[in-house]
Every structure is written in C-alpha cells, then in structure tokens.
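Trainee: I have just opened this entry for the first time. Could you walk me through it?
Mentor: Gladly; let us look together.

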2 protein chains.
Amino acid sequence: MLYVYICLMSLRHALMALLAATPMTGYTLAKQFDQSAAFVWHAPHSQIYPELRRLEEAGLIAGHEESRGIRGTKRTYAITDEGRAELQRWVAELSPPPRERDGAYLKATYFEFGSFANARRQFQAHLAHHRQQQRQWEAHVEQLENRDTSLLRLRLAAWPEHLHDAIVAYKAHVYRGLVTRARSEVEWARSGLDLVDRLEAAAGAQDASG
Amino acid sequence: MLYVYICLMSLRHALMALLAATPMTGYTLAKQFDQSAAFVWHAPHSQIYPELRRLEEAGLIAGHEESRGIRGTKRTYAITDEGRAELQRWVAELSPPPRERDGAYLKATYFEFGSFANARRQFQAHLAHHRQQQRQWEAHVEQLENRDTSLLRLRLAAWPEHLHDAIVAYKAHVYRGLVTRARSEVEWARSGLDLVDRLEAAAGAQDASG
DNA sequence: ACAGCCATGTAAGTCGTTACATGATTGC
DNA sequence: GCAATCATGTAACGACTTACATGGCTGT
C-alpha cells in the first residue's frame, strides 16, 4: 500500500523558510503565522509544535533548550544543512496547482436561494474583508521595500550583499500579488452590489407592470 | 467537549445545490465536481458517496434505488424540503473568510533558494495553468450567458420565469470573477518573469564589473 | 495580586487525499 | 471479446480545526 501525499504539506517548508532567517521558538513562529497578517500561510500553534518535533526528528532543524528566567525554559530551533538542502529541493520542485475550493464564490453562485438584501449583505462582508486585507498587504509591501521588517533584516544578514535585491524583490512581488488579488476581490464584491441593485430594480419594475 | 466546525464543510451544500437543480446519482455529481472544470468546489467520488449517505440520513436529501439494465442498480438522490430549507439557511449565513494558504506564493517568497532558471520555470508553470483556467472559465461564462448548459436549463425549469435573469446573473458573476482571478494570476506570473530577467541582468552586470 | 504575555503542549474530531476494490452496461 | 464508461464503495493517512490544559515571566 503506497499512500504518498505529493507534498501539499507546505507548513513544513514555511517553518524551515522562517528558521532559515534566524533561530526561533515555536511561540515566535506561531506569531508569524497567525498574529502577523504578513504571512502567506496560516497555521495555529497546535499544528506548529508537533511539526517542529517531527522536523527535528528528521534532522531538518535542530532544537535546543534554553532557560528563561529562573525556572522557565524554552526551545529554540535552528535550520540545519539538511534543512537548507530540503528547502532548495522544495523550491526547485513544481507543485501541482491547488484545487478550486472557494466557499464565498460557491455561495454567491446560489444567491437566488436568498433575498436581495442577503446577497447585498454577503457582498458587503466580502468587500469589507478584502479591503482590510488589501491595506495589510499594502503596508507589508511598503515595509519590505524599505527593508523595514526585523525578519527581513535578519534574513539579509545571512546572505551575501549582491543577493539582497533579489531576496527583497521576490517577497515584494508576492505581496504585491496579494494586494492585486485583494483589490480584485473588492472590485468583484462592488460589482456584485451593483448587480443586486439592477436585479432588484428589474424585479420592482416587473411587479409594477404585472 | 464542544468541537464544532463552523461550517467549512461546503461540500454538503455544494451537493445539495446541485441536487436542487435536478435529481442525480453520485456518479453524475462526481462528474460535476472533477470532470467538468465548471465547478467552484473540487471533490473526489470517494468523498461524495459517503457524504450523500450522511445527507440522506439527515433527511436533507432522499435517495432511491433504480435499476440499470438487467442486474445493475443505481441510486438517484433528490433534495428534500428540509434540504431546501438548509440551503436557504446556508445562503443567509455569513461564513468566516478562508485562511490564507497559497503554496505557489509561499514558494515564490523564497525563490532566492533556487536559481533564476528555476524561478522562471515556476512562473511559467503558474502562467500556463492559469491561462488554461482562464479559458475554461471564459467558456463557461459564455455558456451561462447563452443559458447553454443542461444543468442550468434544468435549474431554470424549477423556478418561476421572473427569477431566471437573477439565477443566471449570479452564476455569470461568479465565473466572471474567476476569469478575472485567473487573468491576474497570469499577469502576476508574467511580471514575475520580467522581474527574473531584470534580476539576472543586474547580477550579470555585477559579475562583469566586479 | 493580577493581568497580559511568553511558552508548550494534548485530544478529538472533520476534511481531503491517494490508493485499493468491484462489478455492470454499452457499443464496437 | 474488449474497451470505455457507468456506478459505488472502503481504507489509510495526512492536514487542519477547535477546545482543553498548564505553567512561568514581567510590569503595575
């Protein structure tokens, strides 16, 4: 029986990529994932801690216990040479495109099951969410371009200077892409609201004439 | 212990929404999901058959065995009134926005771990995939606008005529949104390729001068 | 003393994936 | 006869989610 997931498992590589910038604890990694909006991959700490143990067991990262205050301890992880090699393998690998799976669009497909007011409410929520996302990504792009995030500075320090521009450029390109995405979601919701207005007007006209 | 998924489970509603158009077998439903590119939610048959049984047990759909040829049988499912009510509840409910989780963008963030040639290869694959997606969604929008899909015709037949425009319009709006999405992914990949060209030229210039 | 953050886990469940299986029907 | 398609499942596993838990440190 050969069950092999062909690596949807990006969490592992996201963790290694972060640790390639600087050693960190699980807690700090978790903050990167769910507190800071600046990360492309979400994960809760309950997924991160076990994964770190597995990565350590696989030799891709190395953890060591540090003291924190008098009785407290914390475990700081650093990427290993094997981990770096695995990151390189992963970056070179072509991943299968993700499966289409969008709850908001699915629901919008069937707005006829609800009222015009409901369709409006749904589009408004979509709009509000993605407008906020857009602002967050925009802010992050600016930070990246100014090289003004602590993690980026640490990352740059680990590479020869002639590569710095490329490192920043790739990241800025990603987050600019997310800005564009968010913007087009906003636009989609806005034109959805227009659509609902037109449909409701048409329905009203029909009532009046019928 | 109260573990309740607050309904990421769109598969259930996707199935009911399809069955609201016309009764179907699991096989036919599965084709809608993974053969036809025209569906927003992917699911393999191994997920669909058990889910249908669960929906039936919950009274949201009703299945009945039909004969197929001499010895063969098939099970056709139809939505129930309870199922229709559940669809209405679902459409009226605000779902939490999906978590950011994009493998391609995550990888692109760390292209510095690979070569320029690799970055180019990744962007090209991204471009090719989304260009194809774009064409598929475009074709589907046209079919919808012409009311030229069998499922849509069946669906319209189940509703009073004054609602037909809205039913078509919502669906066309969704698939036009997907076209826009695909287009901006194509554009993102294209400008990614430009970026790699610039970075490589800059690196070459540095080699020459250094 | 207490709040808020730092820090690390476990448990139980759902969702989605690939692979493994089987058999009938239809058309050539 | 044989291939393609119709039709329906199960098994094992990996991925992700929510909730349950615990305890130390820091500043007021």
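Trainee: How many residue pairs are in polar contact across the interface of chain A and chain B?
Mentor: This is a predicted model, where local features need pLDDT of at least 70, side-chain atom pairs count only at pLDDT 80 or more, and totals for chains, interfaces and linings use all residues. Residues are numbered from 1 along each chain as written, chains are lettered from A in the order written, and side-chain values use heavy atoms, without hydrogens or water. A polar contact is a pair of N or O atoms within 3.5 Å; within protein, one must be able to donate a hydrogen and the other to accept it, and residues adjacent in sequence count only if both atoms are side-chain atoms. With both residues at pLDDT 80 or more, the number across this interface is 34.

Trainee: Which helix gives the largest share of the side of chain A that touches chain B?
Mentor: Helices here are DSSP runs (H or I, at least four residues), numbered from the N terminus. Among those giving two or more residues to that side are helix 1 (10-21) and helix 6 (116-145) of chain A. The largest share, 21 residues, belongs to helix 8 of chain A.

Trainee: Why does T149(B) count as buried?
Mentor: T149(B) sits in the loop between helix 6 (116-145) and helix 7 (150-157) of chain B. Buried means under 20% relative accessible area (1.4 Å probe, protein chains only). T149(B) counts as buried because its relative accessibility is 14%.

Trainee: Which backbone nitrogen lies 3.1 Å from a polar atom of the side chain of T149(B)?
Mentor: Start from the side chain of T149(B) and look for the backbone nitrogen 3.1 Å from one of its polar atoms. That nitrogen belongs to L152(B).

How values were computed: Buried means under 20% relative accessible area, exposed over 50%, partly exposed in between (1.4 Å probe, protein chains only).
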